[in-house]
Each structure stands twice: as structure tokens, then as C-alpha cells.
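Here is a short tour of the model, with a few stops inside single chains and two at places where chains meet. Please keep the sequence and the 3D view open as you read.

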Number of protein chains: 6
Amino acid sequence: MNVLVFAPHNDDEVLGVGGTIAKHVSLGHNVYVCEATSGRDKERLANIRSEALNAHRMLGVKETFFLDLPVVGLADIPRKELNKSMYDIVMKIKPEVVYIPHKGDMHIDHTMVAESAMVALRPVNNPQLKAIYAYETLSETEWNIPSADNVFVPNVWSDISDTIDKKLEAMKCYKSQLYDFPHPRSLDAIEALSKLRGSTICVANAESFMLIRSLI
Amino acid sequence: MNVLVFAPHNDDEVLGVGGTIAKHVSLGHNVYVCEATSGRDKERLANIRSEALNAHRMLGVKETFFLDLPVVGLADIPRKELNKSMYDIVMKIKPEVVYIPHKGDMHIDHTMVAESAMVALRPVNNPQLKAIYAYETLSETEWNIPSADNVFVPNVWSDISDTIDKKLEAMKCYKSQLYDFPHPRSLDAIEALSKLRGSTICVANAESFMLIRSLI
Amino acid sequence: MNVLVFAPHNDDEVLGVGGTIAKHVSLGHNVYVCEATSGRDKERLANIRSEALNAHRMLGVKETFFLDLPVVGLADIPRKELNKSMYDIVMKIKPEVVYIPHKGDMHIDHTMVAESAMVALRPVNNPQLKAIYAYETLSETEWNIPSADNVFVPNVWSDISDTIDKKLEAMKCYKSQLYDFPHPRSLDAIEALSKLRGSTICVANAESFMLIRSLI
Amino acid sequence: MNVLVFAPHNDDEVLGVGGTIAKHVSLGHNVYVCEATSGRDKERLANIRSEALNAHRMLGVKETFFLDLPVVGLADIPRKELNKSMYDIVMKIKPEVVYIPHKGDMHIDHTMVAESAMVALRPVNNPQLKAIYAYETLSETEWNIPSADNVFVPNVWSDISDTIDKKLEAMKCYKSQLYDFPHPRSLDAIEALSKLRGSTICVANAESFMLIRSLI
Amino acid sequence: MNVLVFAPHNDDEVLGVGGTIAKHVSLGHNVYVCEATSGRDKERLANIRSEALNAHRMLGVKETFFLDLPVVGLADIPRKELNKSMYDIVMKIKPEVVYIPHKGDMHIDHTMVAESAMVALRPVNNPQLKAIYAYETLSETEWNIPSADNVFVPNVWSDISDTIDKKLEAMKCYKSQLYDFPHPRSLDAIEALSKLRGSTICVANAESFMLIRSLI
Amino acid sequence: MNVLVFAPHNDDEVLGVGGTIAKHVSLGHNVYVCEATSGRDKERLANIRSEALNAHRMLGVKETFFLDLPVVGLADIPRKELNKSMYDIVMKIKPEVVYIPHKGDMHIDHTMVAESAMVALRPVNNPQLKAIYAYETLSETEWNIPSADNVFVPNVWSDISDTIDKKLEAMKCYKSQLYDFPHPRSLDAIEALSKLRGSTICVANAESFMLIRSLI
């Protein structure tokens with residue numbers, strides 16, 4: 001089974017889906033990550049790319065695609081171009097399960113990736129597709145204007161009790177993105193969210209998603 | 001795998017989940033139906049119960065439970081009583097998958113069944129539970145006040161192309177509940193909805209649900 | 001009475017409002033269609049324009065305006081330009097009734113047309129305006145992220161039992177846009193939706209809309 | 001044309017629909033008001049009923065029906081009974097246009113009347129029905145928990161510039177229900193709301209409604 | 001300053017507002033707690049009441065009011081009675097700040113308390129009132145049907161880094177209500193939620209609320 | 001205490017926050033206004049800027065910042081640029097209280113300012129920040145598509161009975177933006193809204209806001 005994770009920025013895929021990626025891998029699934037944007041300059045780009053690859057190795061990601069689009073810039077490039085970049089990845093991977101960022105996140109790049117993903121994932125072009133999930137991203141999802149449409153309303157839970165350690169290790173690879181608690185992008189906050197989501201389904205650790213579309 | 005369908009009134013389970021019930025059965029799952037209310041008088045009760053059993057036989061339902069609670073009366077009996085009736089069924093079946101009516105339907109009995117189902121299905125009491133889906137009921141779901149919370153927003157599709165015929169046959173068993181098109185509770189309307197939902201995922205026939213909670 | 005239909009792409013006006021356009025015409029109203037975008041190259045443009053004009057002739061549209069803006073490009077041209085293009089049409093037609101696409105559709109062009117229409121239709125500039133309705137577009141409305149704001153919640157029904165045939169004939173004119181069922185942009189899906197919407201108000205065929213604003 | 005206004009309590013119909021009632025009357029429509037509840041004791045009941053009849057005479061209401069159900073009690077009587085009381089009125093009047101309270105109002109009686117009205121107004125039983133509108137009630141609509149579903153979102157405007165005086169006179173008949181500004185149930189607040197709603201459509205005075213369902 | 005916390009069941013006030021209660025007390029405010037329901041039998045009642053009083057002593061609550069209404073029974077007693085019970089408390093305390101449960105919680109008693117609180121807290125009767133907040137309750141708020149109206153959308157944060165210990169100690173007093181992690185009503189889950197909410201505003205621990213109404 | 005008001009266009013800050021600005025000033029707070037866009041040509045720019053400064057003098061604004069970005073153009077400049085312009089102002093003022101336009105307003109510039117404000121106001125960069133409020137703007141807020149996310153749902157009230165006169169005087173300074181009633185941007189409509197919002201909390205005049213985030 002092919003699984004595809006769209007990340008607006010390097011580290012979003014770990015924050016939102018890290019434990020579930022490792023779980024997919026442990027089940028023998030092929031997990032692909034597509035990073036939409038990259039660093040603002042050459043040096044940062046090289047660094048973040050290396051961090052991403054280390055994190056993905058930790059999680060067992062099969063292949064990482066870097067679209068190298070501009071950070072805080074997805075709303076400023078032609079929509080067709082963004083759509084095409086993402087569509088090409090989808091056509092290449094033919095995923096059965098896809099994880100996308102939450103369209104209600106504060107960062108406009110998240111909204112853009114979520115919207116273009118939907119175009120790429122049209123049922124007519126993806127007969128193999130079984131499920132699309134939106135994930136939450138600490139420091140983006142909870143910082144937006146709290147409206148009916150922006151709010152993240154979890155209805156899918158993934159037990160990651162066996163892979164929370166890998167998630168935290170993967171996050172440690174993102175040295176340039178990690179802060180000390182009480183910053184939300186910190187190991188302690190990640191663990192707190194994971195325990196909270198876990199407690200909802202009475203397991204030690206979980207990641208939560210909003211279902212966008214699924215076939216049963 | 002045990003599957004449980006809660007129906008406020010006899011026929012809701014066919015309108016909302018008929019094709020998917022037959023599909024579960026064809027996959028070897030045990031499907032149980034719990035009818036919350038029954039007829040208004042003895043004669044009608046006997047008749048509708050017989051219709052229900054015929055319909056369920058057609059679909060392959062393993063066992064039907066009749067709670068015999070009063071029609072248009074679920075809001076008027078003590079909440080504890082309704083909760084307990086439904087909880088007892090859940091504890092008996094230990095379902096992995098549950099279908100409940102949409103809380104935003106026009107008929108108050110639908111709302112009551114949906115709310116009490118959630119109490120009965122608390123994660124802490126149901127470690128085996130994998131998914132809860134809300135189904136749509138022609139002539140109830142589309143006739144309520146169209147508010148943000150009442151609206152049925154499908155995000156789960158079940159391909160019933162192979163079982164639409166059984167669904168229609170099962171509905172024919174409910175002679176007392178079936179009307180001629182263009183009444184929404186008619187074979188033609190059922191088929192139209194089924195084709196529309198099918199077209200969304202590019203199959204001939206489908207039933208749609210709103211995901212309430214799932215574990216992946 | 002002047003009626004104006006804004007279509008992001010050629011064929012949206014038939015999918016969403018085809019039967020109601022023919023009904024307006026049969027009542028002696030003047031119906032104008034404004035197509036915001038056109039084909040991607042000269043050849044396609046000529047073809048789709050010819051298809052549109054045929055479809056509109058079938059429905060009795062009085063005049064069609066082609067803005068010739070770029071497909072999947074409305075978010076990338078200056079907002080002022082889009083606003084002005086649509087405002088000019090509104091000022092020319094002085095419509096009493098306007099149909100716009102649903103802002104929650106998957107295609108960004110639909111959102112852009114809906115938003116710019118609202119600017120053009122400000123009450124202060126349109127004392128003659130009686131109603132604005134948003135229509136649904138098969139293969140766009142049901143494929144977007146299913147959020148509180150994206151979901152199409154019909155509260156207006158137009159009985160098109162007498163004009164469904166014209167709607168289907170008009171759709172057949174759009175050969176380049178029409179697919180075989182179970183694609184949602186197929187004659188069968190159009191008919192299924194039309195029967196479903198009809199059944200809600202107990203007529204054979206209907207088109208549904210979301211009311212944006214009306215004066216009674 | 002027959003018009004029916006459901007009021008949970010005497011005076012709601014004036015607060016929410018007073019100007020529009022007088023406008024209907026001036027257009028030759030027959031307006032009926034159904035008061036769901038009555039005074040808490042005999043004396044108050046006689047008084048409020050007399051106030052209601054005076055107010056309705058002022059507006060030109062053709063006939064007033066008093067259901068005499070208990071105030072703050074509609075959630076405590078059997079749902080079937082409430083449904084039947086309202087259904088009987090609907091069957092008697094066969095209205096083309098109906099005004100109901102907003103289901104999101106603070107007072108539970110408003111919610112109950114709105115819900116039971118929907119049952120009584122099922123399309124299948126009301127082929128003559130053209131529109132259902134929900135009205136706002138000062139001191140109820142704006143005092144509830146401000147949630148996505150409770151909020152009153154106007155999309156229908158009725159110009160009452162010619163009948164605002166009658167509305168205010170009718171309200172003066174309800175001496176027992178009228179307070180001094182800045183209480184929201186005061187003449188000044190009524191006028192402020194009326195001017196605000198008017199300004200949205202650029203007229204001097206208006207009443208606003210939420211469309212529940214209409215046929216065009 | 002007088003602060004009033006309405007709890008449907010003993011322990012809700014600690015789960016939702018425990019740290020903020022202790023903070024209010026440390027600022028010299030008078031905090032009152034009103035417990036709407038009590039134990040199902042005499043023995044449990046005595047026990048839970050004793051637990052509540054111990055917890056409240058730990059937090060510094062000035063006085064606790066027990067309404068002794070039936071558990072899972074608030075929807076079954078006359079609405080007027082519930083309204084009056086709560087109104088009497090409000091009139092006695094004349095609170096400036098009030099905390100109520102979230103109306104979207106799974107437990108119907110929570111909804112009932114929230115609704116009746118709004119009636120008791122009408123601005124016209126409470127000129128002293130400055131703010132009403134809804135709090136979240138682990139094992140209720142996250143277990144309901146995840147709809148637009150049910151979802152808890154925090155927009156108020158209270159830094160409880162200095163009082164989290166008191167909150168946890170108070171919760172320990174509720175032996176009969178406390179479970180081991182990963183149950184959501186456990187010390188670990190409480191702490192995880194507190195850290196997550198804290199991280200949103202970059203402090204170690206916080207409680208979150210939804211603003212219902214405030215005067216600034 | 002430093003207070004910052006973001007206005008997409010000159011006069012929005014008076015329409016939405018005028019009375020509350022004057023109240024802040026009367027309490028000794030420093031109020032800063034940041035105007036995002038300016039006039040379309042040199043002459044208009046000079047005029048509107050002079051009007052703004054007069055209005056602000058009337059209200060007691062300490063300093064006004066003009067970003068001079070293009071009107072109806074905020075969606076067309078690079079997002080990073082808009083973010084940076086607003087971030088620089090926030091870093092300069094270090095506000096404790098911020099007022100932003102409502103993201104659901106009809107004018108796209110309002111949405112853009114609201115979204116970029118959230119980025120600038122991230123908790124991690126603003127430890128001093130206590131509250132963010134969204135204000136309503138007559139002729140923008142009520143003219144947008146009335147969806148769940150666009151609707152303005154007030155939950156904060158500011159009594160401006162003592163400063164309504166200053167608000168009206170300030171608005172008179174904006175001669176180029178002021179119309180005669182019944183235009184919504186007129187003195188009469190402003191007063192009507194102010195009385196309506198006042199009546200909700202039983203005072204003569206008020207401004208209402210939607211809370212975005214607050215720390216208590």
C-alpha cells in the first residue's frame with residue numbers, strides 16, 4: 001500500500017503524522033513524503049533538507065520529494081503551477097492513503113497545499129484512493145482565527161503508542177525547527193498532545209485527524 | 001466482525017444503510033439491527049415488525065432487536081431509560097462498526113437515538129469499537145432546518161453497486177412505509193440518491209455517511 | 001425581468017441552473033449568461049464557445065458574455081480586474097435575479113467568481129436586485145473539503161419537471177465536457193441529482209440553490 | 001394568499017414580523033397568527049390575550065389562534081401533542097408563507113416551536129407551501145450562546161418602511177411586555193434594529209429573516 | 001469580585017476550571033461552586049459530597065451549593081424548575097464572572113446546565129456580570145458527535161502554571177471519579193491537556209475556555 | 001497600555017472601533033491606528049489621509065501609521081510583504097490589545113489584513129498581548145455571503161455611551177466616505193447599530209466584537 005504525506009514545510013509531516021508514518025512503515029506500507037516548500041536561502045535549504053532526510057530515515061519513509069516552492073509564497077505562485085506540482089506527485093505514487101495539512105491552519109501555505117491536494121486527488125483520477133486525512137500542526141492549527149471552518153475537529157484516531165518514540169526522535173532531527181517547551185513546537189508539547197489524543201480513545205499515545213474523504 | 005445498526009424507526013436502517021448491510025453480510029460480517037421504536041398500536045406493530053424481519057432477511061441481518069419504545073416519544077421517556085436500552089444492546093453485541101442516524105434529522109427520535117448511542121459507545125466501554133458512522137434518511141435528513149449543525153455532510157462512501165438490488169428489494173418489504181415517487185421515501189428517490197452518491201466516487205451506486213469517530 | 005447567471009467555466013451554468021434558465025425563459029424573462037473563463041488555447045476556445053452558444057440557444061438564453069479570463073487563473077489576476085469585469089456586466093444587465101457558483105466548490109475559480117459577484121452586486125449599486133442564489137456544480141461542489149463553510153446547504157428549490165429535457169439537451173451540446181456515468185458530469189448523474197432534489201419537494205425534477213440574499 | 005406566523009409567546013410575532021405582517025395585509029394577504037403559549041395564571045392570560053388581539057387588530061391579522069400551552073413548558077409536554085397542535089393549525093390554514101421563530105433563540109420554547117413547525121410543514125403535506133422564514137426576536141435571539149448553529153444569519157430582507165409605524169403601534173399594545181430603552185424589548189431598540197436591517201438593503205426600515213425553505 | 005462555577009456533576013468544576021478557581025482565590029476573589037446533580041443513592045451522595053467539599057477546600061472555594069438534582073435527569077425535570085434553581089443561585093451570588101459547561105458536551109446534563117445558565121444570566125437581570133466562559137470537561141467534551149456546534153473552540157486562555165498542583169490535588173480528592181491513565185479523567189490526561197493549552201500561549205500550564213459573552 | 005487598531009481602509013477603524021478607541025484614550029491608554037491601504041491617486045491620498053488624521057485627533061489616537069498599500073490590492077501583493085509590514089508595526093508598538101477587521105467581511109482587503117495580523121500576533125512573539133478582537137464594519141460585514149464562517153457573531157460588548165458622540169464626530173471627518181442614510185455608512189446607521197448593540201447589554205450605546213484570543 002502506498003501512503004503519501006503532503007507537508008507545506010519541512011517538519012509538518014513529523015508534527016502531524018510522525019507516529020502514524022512509522023506505524024504504516026511497520027505494517028509494510030510504502031510511505032512517501034512531499035515537501036512543498038524549502039529554505040529561504042541556499043544554506044538553510046541544504047540544512048533543512050538534510051534534517052528532513054534524517055527524520056524520514058528515522059521513520060522509515062521510502063522516498064522524499066522536494067518541490068522547492070517558496071516559503072510563505074504558495075499563495076503568490078500561479079495556482080496552476082502549484083496544482084501541477086502536486087498532481088505530478090500523486091500520479092507518480094498513486095497513493096491509497098493521503099495525509100494533508102488542515103486548511104484552517106494559520107499559515108497560508110497550509111491552506112494552499114490542502115486546496116491543491118484536493119484538486120490532485122479528484123476521485124476520477126484516483127480510483128485507487130481509499131482515504132484522505134487532514135492532520136494538525138502544533139503552532140499553526142491552534143493559532144489561527146478560531147472560526148467554524150478553521151477549527152480542527154478530530155474524528156479519526158491513530159494509536160501511536162508503539163511509535164511515539166520514533167516520532168520524538170524524528171522531531172529531534174529537525175534541530176532548526178525545534179524549541180524548548182512551552183513553545184508548541186517542542187518535544188514536551190508534542191508529547192502532551194499525543195497523550196491527550198491518546199486518552200480520548202483510552203490508549204497511551206495517539207495522533208488525530210479530520211477525515212476528508214474515505215471509501216469503505 | 002460484528003456490525004450494529006441503530007434505527008429510530010423500522011425502515012430507517014434500509015433507507016440509510018441497506019446496501020452497506022448487504023455488503024457487510026457478503027463479506028462474512030455479522031450485522032445486527034436495533035429498532036428503537038415500534039408501531040403505534042398492536043396491529044401496526046405486528047405488521048411493521050413482520051415487514052422489518054422480511055427486509056432484514058433479504059439483507060442477511062443476523063438478528064434484529066426491537067426496543068419497542070414509543071414513536072415520536074423518545075424525547076419524552078427518561079433519558080436514562082433510553083440510554084440503558086441502547087447500552088444493553090451495545091454490551092451484548094460488542095460491535096466493531098456502528099451506524100447511527102444523523103443527529104440533524106428532522107425527526108426528534110433520530111436525534112435522541114444518535115445522542116444516546118454516543119453514550120453507549122463511549123471509548124472506555126468499547127475497546128473493540130473501530131468506527132461510528134451517521135447515515136442519511138430520505139424524508140428526514142433533507143427536511144430539517146438547514147443549519148450548520150443539521151446539515152448532512154458526507155465524508156464516507158460505500159460502493160453498493162453489487163447490493164443496490166438487495167436494498168431495493170428490502171425496501172419493498174416495507175410496504176407500509178413506501179410511497180410512489182416523487183415522495184422521497186420511494187424506490188426512485190432511493191435509486192437517485194444512490195446514483196448521485198455513487199457518481200461522487202465514480203461508481204454506479206453508493207451510500208454516504210458522516211464519520212463520527214474511527215480508529216485507524 | 002432580467003436574470004443573470006455567472007459561470008466560472010462554460011457548462012457550469014447548465015449543470016447548476018440549466019432547468020431554471022429554461023423555466024425563466026418560458027416565463028418571458030430575459031436570461032443572460034456570463035462565462036468568466038474560456039479555453040486554454042485558440043482551438044479549444046473556439047470549440048467551447050460554440051458549444052456554449054448551442055447550449056444557450058437550446059435554453060433560450062438572450063445573450064452570452066465571454067470575459068475570456070484564464071482558466072484556473074482567476075486567483076492569479078488582479079482582484080480589481082476581476083471585480084471590474086463582472087461589475088461591468090452587472091451594470092449593463094441590471095439584473096433582478098442572479099445565480100452565482102457556490103463559494104465552497106473545489107475549483108478556486110468558483111470561489112473567485114462568487115466573491116467578485118458579491119462586490120458587483122452590492123445593494124447600494126443594485127436597487128433593482130431581488131435575489132442572489134448560489135448553485136451547485138456536479139464534480140466541483142461535492143469534491144471539496146467537506147467543512148462547515150464549504151458544504152452546499154440547499155434552501156431554495158426550483159421545480160424543473162417541465163424543463164429537465166431542455167437541460168439535458170443543453171448539456172449534450174457540451175460534448176467536450178460530458179462524460180459517461182458514473183462520472184458526476186454525466187447525463188445520468190445530472191438526472192439523479194435532479195430527481196433527488198425534486199423528491200425533497202415532492203416533484204419529479206428540481207434544481208436546488210443556497211439563498212445568498214433576497215428582498216421580499 | 002394565506003400567511004401563518006407561529007409565535008412561542010405573545011409579542012414575538014410583533015417583534016419579529018410585525019412590519020411584514022402589516023405589509024402582507026396591505027397586499028391583500030390573509031395573515032393568521034398562532035400563539036403557542038399563554039399567561040401563567042388566569043388574570044395574566046386574560047390580559048395578554050387582550051393585548052395580543054389589540055396588536056393584531058392594529059396589524060390587520062385575520063385570525064389569531066391560541067394554543068394555550070404552558071410558558072417555559074413546551075419542552076415538558078409530549079412532543080406528539082405539540083406537533084399535533086401545530087399541525088392542526090397548518091392543515092386548517094394551508095399557508096403559502098410561514099414565519100417561525102429562530103431555533104437558536106435562548107428561550108427553549110422558541111426552539112420547540114421551530115422544530116414542531118418543521119414537522120407540520122413537511123412538503124408532502126403542504127403542496128401549497130412556498131416559503132418558510134425564521135424571524136429574530138429581540139431579547140431572545142441575541143442572548144443565547146453564540147454558536148455556529150445558534151447565530152441568526154439573515155439572508156432575507158423585507159422593506160417595512162411603510163409599516164414600521166404600525167409595528168411600533170402594535171408593540172405599544174403589549175404594555176405588559178414592553179420596557180424602556182435600553183432594554184432590547186423597547187420601542188427604541190425595535191427601531192434601531194429596523195433601521196440597521198433597512199440600511200443593509202438601503203431602505204429606511206426592514207425586517208430580516210433566515211430562509212428555511214422556499215420554492216421558486 | 002464574585003465568581004460562580006456551575007458544574008453539572010461533582011468534579012466537572014475541577015476538570016474544567018480547577019486551576020483558574022485557585023488563581024481567582026489567590027487574587028482575593030470569592031469563588032462559589034454550584035453542583036447541579038448529586039449521587040444516585042444516599043451512600044454515594046454522602047461520599048461524593050464529601051469529596052467535593054475536600055476538593056473545594058483545597059482550591060479555596062468560599063461556598064458550595066448542591067442543587068441535588070438527579071444525575072442524567074436534568075432533561076427530564078421541568079425546565080422551569082431547573083431554570084429557577086440556577087436563577088436563585090445567580091441572584092444570591094450576583095457574580096461578575098461565571099463558568100458554565102460546554103453546551104456541546106456528550107452528557108445531556110451539561111447541555112441543560114449551559115442552557116439554563118444563559119436564562120439565569122440574562123443581561124437585564126445581571127448588570128454586574130462581566131464575563132461568561134464555557135469550560136471543557138475531559139471524557140465529555142471530546143466524546144460527543146464532532147459537529148460544528150458541538151466542537152469546543154477555545155479562545156480564552158488562563159495561565160495556571162502556579163496552580164496546576166492545586167488542581168491536581170483537588171482532583172485527587174475525587175477518588176470515586178478518578179481513573180488511571182489513559183482514561184481521560186486521569187491525572188496524566190489532565191496534565192497533558194494543561195500543558196497543551198499552556199503551549200498555545202507559551203506558558204507551562206493553562207486552562208482554555210470559549211467566551212460566551214463579555215463586557216470590556 | 002498600548003492598543004493597536006488595524007484598518008484595511010481609512011474609516012474602518014472609526015466604523016468598527018471608534019467609540020472604544022475614545023474610551024481607551026479616556027482611560028489613559030495609548031491607541032495606535034495602522035491604515036493598511038491608502039487612496040488610489042495622489043489627490044485622494046492626500047485628502048483621505050487628512051480626513052484620517054482629523055478623525056484620529058478627535059478620538060485621541062496617539063499615532064497613525066500609513067502602510068500605503070494598494071486598495072483592493074492586498075491579495076495581489078506578495079503575502080510576505082503584507083505580513084512584514086504589519087509585523088513591523090506590531091513589533092514597534094508591542095500592543096496589549098489589538099483590534100482587527102472581521103475575516104468574513106465582503107472586502108478581500110479585510111480578510112487579508114485579518115490573516116496577516118494573526119501571523120504578526122503569534123503568541124511566541126507577543127508575550128505582552130492580552131486580547132485580539134475582530135470588529136464589524138458597516139457596508140462590508142453584512143454584505144458578504146452569509147455563511148457559517150463569514151457571519152459576524154458578537155461575544156464582546158464595549159459600552160460606548162460616553163463616547164458615541166466622539167465616534168460620530170470622528171466619522172464626520174471622513175467626508176469622502178460618509179453617505180446619507182439609508183446607506184449603511186451613514187451617521188444614522190452607525191447610531192442604529194450602536195443602539196442595537198447597546199440594548200443587548202442594556203446600555204444606551206455599544207460596539208460589539210468577536211473574540212479571537214484572550215488571556216485572563
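In which sense do β1(F) and strand β2 (residues 30-37) of chain F pair, and over how many bridges? The two strands run parallel, and six bridges join them. Please bear in mind that this is a predicted model.

**Strand β1 of chain F**

- Strand β1 covers residues 2-7 of chain F, and six of its six residues are buried, so the strand is largely enclosed by the rest of the structure.
- In a regular strand the side chains alternate between the two faces of the sheet.
- On one side of β1(F) you will find F:Asn2, F:Leu4 and F:Phe6, while F:Val3, F:Val5 and F:Ala7 are on the other; both faces are covered.
- If you look across from F:Phe6 into β2(F), the residue standing opposite is F:Cys34.

**A loop residue in chain F: F:Glu96**

- F:Glu96 sits in the loop that links α3 (79-93) to β4 (97-101) of chain F.
- Its relative accessibility is 26%, so F:Glu96 counts as partly exposed, the buried class being under 20%.
- Although F:Glu96 and F:Leu4 are 92 residues apart along the chain, their C-alpha atoms are separated by 8.0 Å.
- Leaving out residues up to four places away in sequence, F:Glu96 touches F:Met1 and F:Asn2, as well as F:Gln128, F:Leu129, F:Lys130 and F:Ala131.
- One of these partners, F:Asn2, is also one of the buried residues of β1(F).

**A loop residue in chain D: D:Asn126**

- D:Asn126 belongs to the loop between α4 (108-120) and β5 (131-135) of chain D.
- Is D:Asn126 buried or exposed? With a relative accessibility of 2%, D:Asn126 counts as buried, because the class takes in values under 20%.
- Apart from neighbours within four places in sequence, D:Asn126 is in contact with D:Val90, D:Met91, D:Ala120 and D:Leu121.

**Where chain B meets chain E**

- Chain B brings 19 residues to this contact and chain E brings 17 residues.
- Together the two chains bury about 1400 Å², with 67% of that area on carbon and sulfur atoms.
- On the chain B side, B:Arg79, B:Lys80 and B:Asp149 lose the most area to chain E, and together they make up 34% of what that side buries.
- How many salt bridges are there between chain B and chain E? The count is zero, while six residue pairs are in polar contact across the interface, both residues at pLDDT 80 or more.
- The elements of chain B that give two or more residues to this side are α3 (79-93), α4 (108-120) and β7 (206-215), and α4(B) gives the most, with four residues.
- By class, the chain B side holds 11 nonpolar residues, one polar and seven charged.

**Where chain E meets chain A**

- Here chain E and chain A each supply 23 residues to the contact.
- The area buried between them is about 1900 Å², and 75% of it lies on carbon and sulfur atoms.
- Two salt bridges are counted between chain E and chain A, including one formed by A:Lys195 with E:Asp188, where the closest N and O atoms are 3.1 Å apart.
- Four residue pairs are in polar contact across this interface, both residues at pLDDT 80 or more.
- The chain E side consists of 16 nonpolar, four polar and three charged residues.

Terms used
Residues are numbered from 1 along each chain as its sequence is written. Chains are lettered from A and ligands numbered from 1 in the order in which they are written. This is a predicted model: local features need pLDDT of at least 70, side-chain atom pairs count only at pLDDT 80 or more; totals for chains, interfaces and linings use all residues. Side-chain values use heavy atoms; hydrogens and water are left out. Contact means heavy atoms within 4.5 Å. Buried area is the accessible area (1.4 Å probe) that two parts lose on being put together, summed over both. A salt bridge is a side-chain nitrogen of Lys or Arg within 4 Å of a carboxyl oxygen of Asp or Glu. A polar contact is a pair of N or O atoms within 3.5 Å; within protein, one must be able to donate a hydrogen and the other to accept it, and residues adjacent in sequence count only if both atoms are side-chain atoms. Ala, Val, Leu, Ile, Met, Phe, Trp, Tyr, Cys and Pro count as nonpolar, Asp, Glu, Lys and Arg as charged, and the others, Gly among them, as polar. Buried means under 20% relative accessible area, exposed over 50%, partly exposed in between (1.4 Å probe, protein chains only). Two strands pair if DSSP finds at least two bridges between them.
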